[in-house]
Every structure is written in structure tokens, then in C-alpha cells.
Amino acid sequence: AVVKQAAAGVGGARLDPSRLPAGVMNAPSVVNEIRHQAGTYRPGQQAHVVNLSLLPFAPADAEGLDAMLGEGPVAILSRGFGNCRINATQVRGVWRVRYFNTMNTLILDTIEVVDMPEAARAAADDYEDSMERLRDLLRWLREG
């Protein structure tokens, strides 16, 4: 709840494709799609995901999109086989989710319009494992 509240408190970037730098190819379409989805999104709706890894993106596209979305107040790092970096943007309800392999190579780059990206949510198994570890810790503390 705290993370959702922090991410929802952003002032909102101006999503205007005309502000993108020269040399962009697909960023204007992506900006229009994000603007539309963010404008119509309501908490609890299914996420709208834009897979940037599948699009031909010039360096100007990536730089312009990054500058337009900005960095929001929340950054989450999930470690596992590789890393997943989840960042709120300056646009309410818009997140940048990037997956990296063990060599720290970007393997999936998405923009998600959602209240909280699925990658940031713990699975039920994770909760159960954490509860068991906490129970073990409490047993140990009581014995000591």
C-alpha cells in the first residue's frame, strides 16, 4: 500500500509526442498509446503492457521516451536468476519494467500502465516461505 501511494503521488509528466527529439521512429506512437492508456486506466484493471523489446527503437526513441517519462519516486529491484528493475515514472500509473539476465544484459524492456506491476508482487509461495522463516526465527528467539 505504501509503494502504491508513493507512486500515485507523482505530479504527472506531459506526454506530448511533439516534444520528442528529432530522429525518433516509434516513440511518438508509444507516447500516444501510453497517454491514452494512462488516461483511461482505473485501479484494479488489467495491466496494459507495451513491449519495447519487440519494437525497432532508434537511440533517439529510447532517450526521448526516457526523458519524457522521467523517474518517479519508487524503484524496486527483484533478484533471482537475473534482475528485474521496476521503476515508477513521473506519469501516474505508468511503470518501466526491465528484465536482465545473469550477465546484466537487458532481455525484456516494458512499459506497464497499472497500479502495481505483477513483477513487483510477491507470489503466494513467497509469502508462505517468509512466514515459515519468521516462525523459525521466533522459535529460535524463544529458545535463546
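**Notes on the fold**

1. Strands here are DSSP runs of E with at least two residues, helices are runs of H or I with at least four, and both are numbered from the N terminus. Two strands count as paired if DSSP finds at least two bridges between them.

2. A word on the basis of all this: the model is predicted, so local features need pLDDT of at least 70 and side-chain atom pairs count only at pLDDT 80 or more, while totals for chains, interfaces and linings use all residues. Residues are numbered from 1 along each chain as its sequence is written, and side-chain values use heavy atoms, with hydrogens and water left out.

3. Do look at strand β5 (residues 106-113). Strand β1 (residues 48-51) is joined to β5 by 4 bridges, and the two run antiparallel. Strand β4 (residues 94-100) is also antiparallel to β5, with 7 bridges. Glu-112 in β5 has Val-49 opposite, and Trp-95 stands opposite Glu-112 as well. Arg-96, in turn, faces Ile-111 in β5.

4. The hairpin of β4 and β5 has 5 residues between the strands, and Asn-104 in the turn shows a positive phi of about 65 degrees.

5. Now the helix pair. The axes of α2 (residues 27-40) and α3 (residues 59-69) come within 9 Å and cross at roughly 30 degrees; axes are lines fitted to C-alpha atoms, for helices over the stretch in contact, with angles running from 0 to 180 degrees between N-to-C directions. The two helices are therefore roughly parallel to each other (angles under 35 degrees count as such).

6. Which residues of α2 meet α3? Ala-27, Pro-28, Val-30, Val-31 and Ile-34 in α2 meet Asp-61, Leu-65 and Met-68 in α3, where contact means heavy atoms within 4.5 Å.

7. Overall, the protein has 4 helices and 5 strands, in the pattern α-α-β-α-β-β-β-β-α along the sequence. Its radius of gyration is 18 Å, well over the 15 Å that the globule rule gives for 144 residues, so the protein is more spread out than a compact globule. This radius is taken over C-alpha atoms, and the rule is 2.2 Å times the number of residues to the power 0.38. Along the principal axes, the C-alpha atoms fill a box of roughly 65 × 35 × 20 Å.

How values were computed
Parallel < 35°, antiparallel > 145°, perpendicular 65-115°, else oblique.
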